[in-house]
Amino acid sequence: MHDRQYEKDVAITGIGQSEVGRPSTLSGMRLTLDACLEAINDAGLRKEDIDGIACWPGDNNNGDSFSPVGPLALKNALGLEVNWFGGGYEGPGPLTGLINGAMAIASGMCRHVLVFRTITESSTRQHNKQASALSNKTLGRDSSFAWQWYTPFNVLSAANLMAIYAQRHFHDYGTTSEQLAQIALTCRRNAQRNPKAIYRSPMSMDDYMQSRMISTPLRMFDCDVHCDASTAIILSRRDVAKDCRNPPIRIEAIGAALNQPWSWDQISLTEGAAFDVGRMMWSRTDLKPKDVGSAQLYDGFSILTMIWLEALGLCPKGESGRFVEGGQRIALDGELPINTNGGQLSGGRTHGLGYVHEACLQLWNKAEGRQIADHQVAVTAAGGGPLGGSLLLVRD
Amino acid sequence: MPRKLPALTADNHSFWQGGRNGELLIHRCEACKRYFHPPSPICPTCTSFEVAPQRVSGKGVIASFTINHQPWTPELAAPFVIAIVELQEQKDLRFVTNIEDTPPEQVHIGMKVRVRFQQEDDVWLPLFVKD
Ligand SMILES: [Zn+2]
């Protein structure tokens, strides 16, 4: 057991998001500033109150479209004076910025940490069709820690590896394409109620089944849609959070564990990091999966949402296909609404923080046309394969 | 089809060049006798440095696979199979590869396969065919 659960000292007090463009005409920095200033204002703070900055993955590829703005550039642009800042890819997935920021607060270094994530893959893909998280960054021979084991076999997209996980899920549990489709169809229905979503036209099961096969069994509509956007979250020390404008959303528990190799093919094909993450998160709280009122679960690829449903105990292992069948359970008025803003599949690949932004909107009853029933507990999770992190959020 | 090749290092060259002699070489720990992959100077199970590449049978089964249809580059227009093959020597001893010479629609989880090397420059890629 854990002696001290540091995350309980931390709350979310403000959120912000830029326009979500496909593409946007704004620069990555401008998108970032729009999101961050909105978040600071939403919390009722001034920029002078911010004393920490966290970001995943940071400016780790010299500003390429997967993450064009890191903490260094943002610090200078906003003239922030900070006690701590940090960014980098090597952490527990797209929620790493929040997990690190919470540690900076709990350790006593910071009072208000600005966490952000910017992505401009849509505008970059106007002139480079291969721009993506995994378009191989190495020139010449591949010397990357992980990708050298896959690129020689023409694994040129994460889609191939997620498809391998999906195929195994189908094989082991009898999951079907019609079941998997419910993730995409649910996201599309939700996106129709989100003015910022990229894809808002209706989608039928026929539309899904007829969409282009990318890598069996994953079709085009199983893959998220690139966009240009920035999302920002303000984390505050719990005792000062009560003075902010919004009712604080406490971080009740964090999941960040990885008890397997950091690898896309040595890790469990049906569990990834997600099950390690889920076990850790639930070990740090008295709440139970049945207490969750909404789930914002990573859908970079639809199969990952299914794996997160199981990993977080929201349905039994191997049962996600039957759980989502028909779509009623996971609809806005269902027993467990998921990806209520359209997720990344239809809302846009904001890549991680978008789930937390939406969870907060729902907990604060600010989600307007897509607002679900009042609830106090939400779970967010992001990542696939060896990437994984989760947050259990509570509005008291 | 065109391939981006790995940079060879002191740790990984046995895996990528064993095919020169028709050998699939996988690191094995002398202390605990476990194979492991990717290769490394230390055994991840028992932290022994007594590790060395060892020839394995080159036979295994498909743990999972996908048929890629998306032409990520113009040269990759035809569907091809990416698989994770589990070697018969040890449970979960596996790596990503391609399945060659088999109609993609006949590939399935559990299918028995054997290695077939394909030389590209100074790398011998361990590809697999139906056994
Ligand atoms: Zn050993």
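Strand β1 of chain B, residues 24–29, pairs with β2(B) in the antiparallel sense, over 2 bridges. Pairing here requires at least two DSSP bridges between two strands. Strands (E, at least two residues) and helices (H or I, at least four) are DSSP runs, numbered from the N terminus. The model is predicted, so local features need pLDDT of at least 70 and side-chain atom pairs count only at pLDDT 80 or more, while totals for chains, interfaces and linings use all residues; side-chain values use heavy atoms, without hydrogens and water. Residues are numbered from 1 along each chain as its sequence is written, while chains are lettered from A and ligands numbered from 1 in the order in which they are written.

The model scores ipTM 0.98 and pTM 0.97. Chain B has a mean pLDDT of 97. In that chain, 100% of residues reach 70 or more. The pLDDT is the predictor's confidence in each residue, from 0 to 100.

The pair described above belongs to an open sheet of 3 strands in chain B. Its order is β2-β1-β3, with antiparallel pairing. The edge strands are β2 (35–36) and β3 (51–56) of chain B, and each pairs on one side only. Strands of a sheet pair through backbone hydrogen bonds, either parallel or antiparallel.

The zinc ion has four protein donors: Cys29(B), Cys32(B), Cys43(B) and Cys46(B). Each gives its SG atom, and they lie 2.3 to 2.4 Å from the ion. Donors are N, O and S atoms within 2.8 Å of the metal (3.2 Å for Na, K and Ca); water is not among the atoms, so sites may look incomplete. Along the chain, the donors follow the spacing C-x2-C-x10-C-x2-C. The 4 donor atoms subtend angles of 100 to 119° around the zinc ion, so the arrangement is tetrahedral. Four donors count as tetrahedral if all angles lie between 85 and 135 degrees.

Cys43(B) counts as buried because its relative accessibility is 1%. Cys46(B), at 30%, counts as partly exposed. Buried means under 20% relative accessible area, exposed over 50%, and partly exposed in between (1.4 Å probe, protein chains only). Thr47(B) sits in the loop between β2 and β3 of chain B. Thr47(B) is exposed, at 53% relative accessibility. Its C-alpha atom is 9.6 Å from that of Cys32(B), 15 residues apart along the chain.

Elsewhere in chain B, Ser64(B) lies in strand β4, residues 59–68. At 0% relative accessibility, Ser64(B) is buried. Leaving aside neighbours within four places in sequence, its contacts include Ile164(A), Gln167(A), Arg168(A) and Leu269(A), as well as Ile109(B). Contact means heavy atoms within 4.5 Å.

Asp92(B) lies in the loop between β5 (80–87) and β6 (94–99) of chain B, and is partly exposed at 40%. Asp121(B) is found in the loop between β7 (112–120) and β8 (123–130) of chain B, and is exposed at 58%.

In chain A, helix α2 spans residues 71–78. Pro71(A), Leu74(A) and Leu78(A) are buried in this helix. They cover an arc of only 65° around the axis, so they lie on the same side of α2(A). The arc is that of the directions from the helix axis to the C-beta atoms. An α-helix has 3.6 residues a turn, so residues three or four places apart point the same way. On the other side of α2(A), Leu72(A) and Asn76(A) are exposed. The cover over the buried residues of α2(A) includes α1 (28–42), β2 (52–55), β3 (84–87) and β4 (112–120) of chain A. Just after α2(A), Gly79(A) takes a positive phi of about 60°.

Strand β8 of chain A, residues 249–255, is mostly covered, with 7 of its 7 residues buried. β8(A) is joined antiparallel to β1 (10–17) of chain A by 2 bridges. One bridge partner pair is Ile12(A) and Ile249(A). β8(A) also runs antiparallel to β11 (389–395) of chain A, with 6 bridges between them. There, Ile254(A) has Leu391(A) as its bridge partner.

Definitions and conventions
Four donors count as tetrahedral if all angles lie between 85 and 135 degrees; four count as square planar and six as octahedral if opposite donors are over 155 degrees apart and all others between 65 and 115; anything else is irregular.
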